[in-house]
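Trainee: Can we go through this one together? I would like to work from the strands out to the helices.

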Amino acid sequence: MPPRTPPLDALPESRQPKRGSETESATGTQALDRGVAILKHLGGVGQQGATIAAIGEALGLKQQTAHRIVTALQRHGLIDRERQTKRYRLGLALFAMGATAADGTGLRRLARPALMRLSAETGDTVFLMARAGFNTVCVDRQQGTYVIDSLTGHVGGQIPMGVGPASQAILAFLPSAEADVVIETNAPLYQRYDGLTADRVRQSLPIIRERGYSVDEGALVAGISALAVPILPRGRDAVAAIAINMTSARLSQDRLPVLVSTLTNEVRQIEAELNPLEGPAIVDLLRA
């Protein structure tokens, strides 16, 4: 861990950085990075939450530093503390901002009817997944009759891009150089998923591009299968994908082409609604 930078007000006046100086900027950036790391950590541990000690240990922070940043995040409503257990969890203010961000592109609003129709018709759980940097985030989901767990777990949950059919469907339609950077960056994270490697992800992309969809027949999680079709605004990279998750027993060879056709038709309708909005500003929002 890099040496801890002392608080600005603890420095002698002669060493106090001037406002706007490079030193002050570096100190602010470090605090911001640590705050974001804490939010990501709490997002990863989920509802069980984490104590100050656990947060500090997980992120390599001194308890005093962790406490100072956590207190600031709590003050802004980004995290909450349960009085009895003294554990911290993500706050509702963060959820509200996430919901606003998801609706900001209009993609969630456009896709919601499709998710509802697909879930009602198939009985399976349907997900809207979008790219978020090197990750894929669950923007929306519609629970089906058959309830199963997913890798993202909930709206707002995320997984490294390249893990699961939805993220691979998006990855397959990115420029090859950009896709390579994503795969190389996420390669160490693939080790968490049984049998998944950077080479395996890379080899799957040409097949997905040729088919127009991605499918996992229980290879990633035993007994769970998934099918995903990318959302491709005209002349642009994939902005998201819609995925259907089900038990492997429900993805028979006879049912697969029916699901592909149904899912593709819904995606084409979404693309048709996106395409008239394709001014540069709208495209930038969709890819943000």
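Trainee: Which residue in β8 stands opposite Pro 230?

Mentor: Keep in mind that this is a predicted model. β7 and β8 run antiparallel, and eight bridges join them. Across from Pro 230, the residue in β8 is Ala 241.

Trainee: Which strands are the edges of the sheet?

Mentor: Six strands form an open sheet. Their order is β5-β4-β3-β8-β7-β6, with antiparallel pairing. An edge strand pairs on one side only, and that picks out β5 (158-160) and β6.

Trainee: What is the average twist from one strand to the next?

Mentor: The sheet is open and its pairing is antiparallel. From one strand to the next, the twist averages 30°.

Trainee: Is Gly 218 buried or exposed?

Mentor: Gly 218 lies in strand β6, residues 214-221. Beyond its neighbours within four places in sequence, it contacts Gly 223, Ile 224, Ser 225 and Ser 248. Ser 248 is 30 residues away in sequence, yet the C-alpha atoms are 6.0 Å apart. The relative accessible area of Gly 218 is 19%, and the cut-off is under 20%, so Gly 218 counts as buried.

Trainee: Which element gives the largest share of the largest nonpolar core?

Mentor: That core has 28 residues, and Ile 231, Ile 242 and Ile 270 are among those with the most contacts inside it. Elements giving two or more residues include β7 (224-231), β8 (240-247) and α9 (255-274). Seven residues, the largest share, come from α9.

Trainee: Which residues does Ile 270 contact, leaving aside neighbours within four places in sequence?

Mentor: Ile 270 is one of the residues with the most contacts inside the core. Leaving those neighbours aside, its partners are Leu 107, Leu 110, Ala 111, Ala 114, Ile 231 and Ile 242.

Trainee: How many residues of α6 are buried?

Mentor: Helix α6 spans residues 165-172 and is mostly covered. Pro 165, Ser 167 and Gln 168 are among its buried residues.

Trainee: At what angle do α7 and α8 cross?

Mentor: α7 covers residues 176-190 and α8 covers 198-211. Ala 179, Ile 183 and Tyr 190 are among the α7 residues in the contact, and Val 201 and Leu 205 are among those from α8. The contact residues divide into seven nonpolar, no polar and three charged. The crossing is right-handed, and the axes come within 9 Å, at roughly 145°.

Definitions and conventions:
Residues are numbered from 1 along each chain as its sequence is written. This is a predicted model: local features need pLDDT of at least 70, side-chain atom pairs count only at pLDDT 80 or more; totals for chains, interfaces and linings use all residues. Side-chain values use heavy atoms; hydrogens and water are left out. Axes are lines fitted to C-alpha atoms, for helices over the stretch in contact, and angles run from 0 to 180 degrees between N-to-C directions. Helices (H or I, at least four residues) and strands (E, at least two) are DSSP runs, numbered from the N terminus. A crossing is left-handed if the near helix is turned anticlockwise from the far one by less than a right angle, and right-handed if clockwise. Contact means heavy atoms within 4.5 Å. Ala, Val, Leu, Ile, Met, Phe, Trp, Tyr, Cys and Pro count as nonpolar, Asp, Glu, Lys and Arg as charged, and the others, Gly among them, as polar. Buried means under 20% relative accessible area, exposed over 50%, partly exposed in between (1.4 Å probe, protein chains only). A nonpolar core is a set of buried Ala, Val, Leu, Ile, Met, Phe, Trp, Tyr and Cys residues joined through side-chain atoms within 4.5 Å. Two strands pair if DSSP finds at least two bridges between them.
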